[in-house]
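Welcome! Take a moment to look over the sequence and the 3D view, and then try the exercises that come after them.

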Number of protein chains: 2
Amino acid sequence: MTSTLAPSGIDTATSPARALVCRACSARYPLAAQHACYECFGPLEVDYDLSALATVTREQIEAGPRNLWRYAALLPVGQDPATRVTLDPGFTPLVAADRLAAELGITAALWVKDDSANPSHSFKDRVVSVALTAARALGFSRFACASTGNLANSVAAHAARVGTPSVVFIPSDLEQGKIVTTAVYDGDLVAIDGSYDDVNRLCGELVETDEFEDTAFVNVNVRPYYAEGSKTLGYEVAEQLGWRIPAQVVIPMASGELLTKIDKAFSELVEIGLVEAPADGWKVFGAQSTGCNPIATALHTGTDAITPVKPTGIAKSLNIGDPAAGLYALEAVRRTGGWMDHADDDEIRAGVRLLARTTGVFAETAGGVTVAVLRKLVESGRLDPTAETVVFNTGDGLKTLDAVAGEVGPTHRIKPSLRAARDAGLLS
Amino acid sequence: MTSTLAPSGIDTATSPARALVCRACSARYPLAAQHACYECFGPLEVDYDLSALATVTREQIEAGPRNLWRYAALLPVGQDPATRVTLDPGFTPLVAADRLAAELGITAALWVKDDSANPSHSFKDRVVSVALTAARALGFSRFACASTGNLANSVAAHAARVGTPSVVFIPSDLEQGKIVTTAVYDGDLVAIDGSYDDVNRLCGELVETDEFEDTAFVNVNVRPYYAEGSKTLGYEVAEQLGWRIPAQVVIPMASGELLTKIDKAFSELVEIGLVEAPADGWKVFGAQSTGCNPIATALHTGTDAITPVKPTGIAKSLNIGDPAAGLYALEAVRRTGGWMDHADDDEIRAGVRLLARTTGVFAETAGGVTVAVLRKLVESGRLDPTAETVVFNTGDGLKTLDAVAGEVGPTHRIKPSLRAARDAGLLS
């Protein structure tokens, strides 16, 4: 492998990570660039030395930087700040949503974890910072991804920050905002005439070629590290609530990975003694778009067989028709007593507008999905309106302006005179 | 005045503010909703009890929240968190721009203060949080502004967060991103067929009507409080540099107010003993768009007479043809030995792209202006490339996508196959 970055591997003297382990058959592998089990093709995840994690204290974390690296001792890489490839995302606002709660008939505390506040304005900065820090440690000299848009923005921005070449693969029908916001960083940007699932398949082939041997695809060959970044959303919610796990969380689902990692974060915090296990546990709820709802459909029909779909609809960042972590999302929701539901495009737009009007948070369509599903879960009685709830907004409304541009606009248009203002009813 | 917010006035037991004082004739007024001197029509600013400010310590500030309210003891309002009308902006990243420096031939440290990281993605969240906190204290029950776009976004978002009605006035030709991002919050949004200066004049008339007696126009009747919010940008830069003032700062100019307030912040920090005065002082540089450069033109022609212009060009957030604080900006630049320059639309676009490519920061056009002017200042020898410099990015590229959308895009477009990737040269 050629590399312009010093290859060093992952230093287990500072990292609590010990191995990659298969989520299906528990086979173990070294901490390398590998994402599927050689035995059973199951997905791999990072396995930690629990005794190392158990030494971490609240005080250590609270004394850390105001970003996701405050949890470095719980992550596979990045313990040494000099090794990080990062825009320093994380520690995004947990916004009290009292008026949203009132409109939905929720009487307990309702919070919006607003990850649009990350540097490239989506939660993807978290997974990219961890994945690319691992990629650099593993000696890769080019960064890549298959993306529905937000990941593209984040990989291109991270690559620009550190001056490393990037090549990003997207479906050619993405929102213009996400295309421009990737292209402006001046890396290679490859538009594919196909769905995200086509893009992902192609990247799975490219990663095996000699020409891409120097390239880390954040969500392919370094995916186990990538996925760990999502856990920081769960850690932050618990810390921001005063080291407490909320009774209910509502999480958007694309691959389903984010949902499983937030659940895993809560479990880890309990296991290593940083929070007390809530007496009644916590319930995990998943939100999909009606145009791409294979995981929710599997739950509703009571099966473990997730049937891939061809995605449609405006929530493009969630349009993964063949969700890699779908089974694990089903497991987490069933185990915790949660539920899943889905929202159509009109409901998504209404969700975006409801969230904006009641909280001042302008979410992209994925956030509209989550708010619309929150409403359905309350109406169907699946979610307890008397229990504390956190909903996750994973991206920024500025990236999906077209979704609401046809519905909102100036309420008045006048000439610049007091008389025109009076005629328009502004002085009545 | 009718008010749904408890009128309380500004509490001088907790606030260090003592009066409003005329910047022209030094006449003094009570801390009320007033923006012009009754004696000479000069602009008013907040005057403080210096002995109160002098008790503030670095340790107090560092123990505060990770947002602009860490400086509450240096602001006119908001000492009690319960009184704040705020999205909690501030403490945005100070990004090391080593590769940008290298491209421009700057050999000293170069930093980008990236205020696109604020909640509504521009520095305006700072001024709005302070203005609306003052507005609530003064008993106003509706929030308003005249805006070139970013201020509109921020006022509408703040109003939605606290559930107060808003009415926002904008030129009808604004970027779509800024219109949608204001309208989505569901307040009144009045598009005016005219320039920003027309919008501003109309707001100056409306504020005098009975029907708007309950309305705080953040940049009209509560402008003195509003302007103080900008000082926090200067405080933060000094704190983030380890309580040190940089040798040179490059600041975009619309009204010119931001530049004067950053300079004022540095002076205050020295005056109250929080930082040492640099031996050689600091130099303040101003950046305008060539399509709207009345302040830079006055400097270049050596006059104090700022001739209003009819603005043109893509840097719409800077398009104030009759800049209210232009004279004070001239004074600050002359006093400190700085300079001003301006950049045309092509240079602005190149500035946006250069900043993105070298730092991972995607700025709106105003940031492109600043980077383009930085380049000119180095080339003309006005700015010392061997002295530490901070440039200010005041807004987010997602808000002005059209400016670069015609120039950047996918580098490749292919079908989803390895063969297509090979044919496109991606495997060579």
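This is a predicted model: local features need pLDDT of at least 70, side-chain atom pairs count only at pLDDT 80 or more; totals for chains, interfaces and linings use all residues.

Residues are numbered from 1 along each chain as its sequence is written, chains are lettered from A and ligands numbered from 1 in the order in which they are written, and side-chain values use heavy atoms, with hydrogens and water left out.

**Exercise 1. Find the annotated domain in chain A and describe that span.**

Step 1: The unreviewed UniProt entry lists "domain: Tryptophan synthase beta chain-like PALP" for residues 86-395 of chain A. Positions follow the numbering used here, the feature name is shortened, and annotations may be inferred rather than shown by experiment.

Step 2: This span is 43% helix and 15% strand, and its end C-alpha atoms lie 18 Å apart. Helices (H or I, at least four residues) and strands (E, at least two) are DSSP runs, numbered from the N terminus.

**Exercise 2. Work out how chain A and chain B are related.**

Step 1: Chain A is superposed on chain B by a rotation of 180 degrees with 0.0 Å of shift along its axis, at an RMSD of 0.0 Å.

Step 2: In chain A, the residue closest to the axis is Leu398(A), with its C-alpha at 3.1 Å.

Step 3: Both copies use the same surface, since 100% of the contact residues (heavy atoms within 4.5 Å) of chain A recur in chain B.

**Exercise 3. Classify the ring pair Phe169(A) and Phe217(A), and say where each ring lies.**

Step 1: Rings of Phe, Tyr and Trp (its six-membered ring) pair if their centres lie within 6.5 Å; planes under 30 degrees apart count as stacked, over 60 as edge-to-face and the rest as tilted. This gives 13 aromatic pairs over all chains.

Step 2: Here the centres are 6.0 Å apart and the planes at 25 degrees, so the pair is stacked.

Step 3: Phe169(A) belongs to strand E7 (residues 166-171) and Phe217(A) to strand E9 (residues 215-217), so the pair ties together parts 48 residues apart in sequence.

**Exercise 4. What joins this pair in one aromatic cluster, and which charge lies over a ring there?**

Step 1: Phe212(A) forms one aromatic cluster with Phe169(A) and Phe217(A).

Step 2: Arg142(A) lies over the face of Phe212(A), 4.5 Å from the ring centre. The rule asks for NZ of Lys or CZ of Arg within 6 Å of the ring centre and within 35 degrees of the ring normal.

Key
Copies are superposed by least squares on the C-alpha atoms of residues with pLDDT of at least 70 in both.
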